[in-house]
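Visitor: I am new to this structure and would be grateful for a guided introduction. May we look at it together?

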Amino acid sequence: MERETFGSPGLGGVDLDPTVRYVCQRCTACCKWPGDVRLEEEEIPVIAAFLGMDEMSFIGQYTRLRTNRNGLSLLEKDNHECIMLDGIDCRIHEVKPEQCRGFPNKWNFPGWRQVCEAVPVKVG
Ligand code: SF4
Ligand code: SF4
């Protein structure tokens with residue numbers, strides 16, 4: 001059976017409250033749900049260099065076309081985890097894509113709090 005995909009920055013449904021910041025609890029759910037982990041063009045050389053690879057090798061080994069064929073995504077493992085997830089750690093944490101950095105504070109989707117353990121902290 002097809003597993004549910006929980007949104008991406010390209011979709012609507014963003015519901016942001018500037019007075020609340022959600023602090024990630026490293027539950028890794030967002031690294032495990034099916035769907036694209038979008039790579040922006042400028043992120044590719046940075047991640048390749050971080051891994052000590054040339055761009056073409058990185059693209060060949062770790063990426064695929066996005067579902068909409070409009071750019072690249074990181075590959076997933078057979079169990080749908082992101083290829084860069086290593087236990088509870090991200091192998092490219094220091095240079096991870098904006099899609100990863102931005103969730104859930106810069107983008108999210110209806111119902112996201114049911115699938116993310118981030119804790120709200122009042123700011124401002
Ligand atoms: S789902 Fe939420 S709490 Fe879990 S790793 Fe992702 S952002 Fe952090
Ligand atoms: S790149 Fe890192 S933070 Fe982003 S989905 Fe993959 S493992 Fe998670």
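Visitor: Which residue in β4 does T63 stand opposite?

Guide: This is a predicted model, in which local features need pLDDT of at least 70, side-chain atom pairs count only at pLDDT 80 or more, and totals for chains, interfaces and linings use all residues. Residues are numbered from 1 along each chain as its sequence is written, while chains are lettered from A and ligands numbered from 1 in the order in which they are written. Strands (E, at least two residues) and helices (H or I, at least four) are DSSP runs numbered from the N terminus. In β4, the residue opposite T63 is L74.

Visitor: In what order do the three strands of the open sheet lie?

Guide: Two strands pair if DSSP finds at least two bridges between them, and β3 and β4, which run antiparallel, are joined by three. The edge strands, each pairing on one side only, are β2 (38–39) and β3 (63–65). The pairing in this open sheet is antiparallel, and the order is β2-β4-β3.

Visitor: Which residues touch the most other members of the largest nonpolar core?

Guide: A nonpolar core is a set of buried Ala, Val, Leu, Ile, Met, Phe, Trp, Tyr and Cys residues joined through C-beta atoms within 7 Å. A residue is buried if 20 or more other C-beta atoms lie within 10 Å of its own, exposed if 12 or fewer, and partly exposed in between, with C-beta atoms placed from the backbone. Of the 15 residues in the largest core, those touching the most other members are I47, F58, L74, C82 and M84. At least two residues of this core come from each of α1 (43–50), α2 (55–62) and β4 (72–74).

Visitor: How many residues of the shell around ligand 2 are charged?

Guide: The residues surrounding ligand 2 include C31, L74, C82, M84 and K96; a residue counts as near if its C-beta atom, placed from the backbone, lies within 6 Å. Asp, Glu, Lys and Arg count as charged, Ala, Val, Leu, Ile, Met, Phe, Trp, Tyr, Cys and Pro as nonpolar, and the others, Gly among them, as polar. The shell has ten nonpolar residues and no polar ones, and the number of charged residues is one.

Visitor: Is G124 buried or exposed?

Guide: G124 lies in the segment after β7 (119–122). Its C-alpha atom is separated by 8.1 Å from that of P18, 106 residues away along the chain. Because G124 has 6 other C-beta atoms within 10 Å, G124 is exposed.
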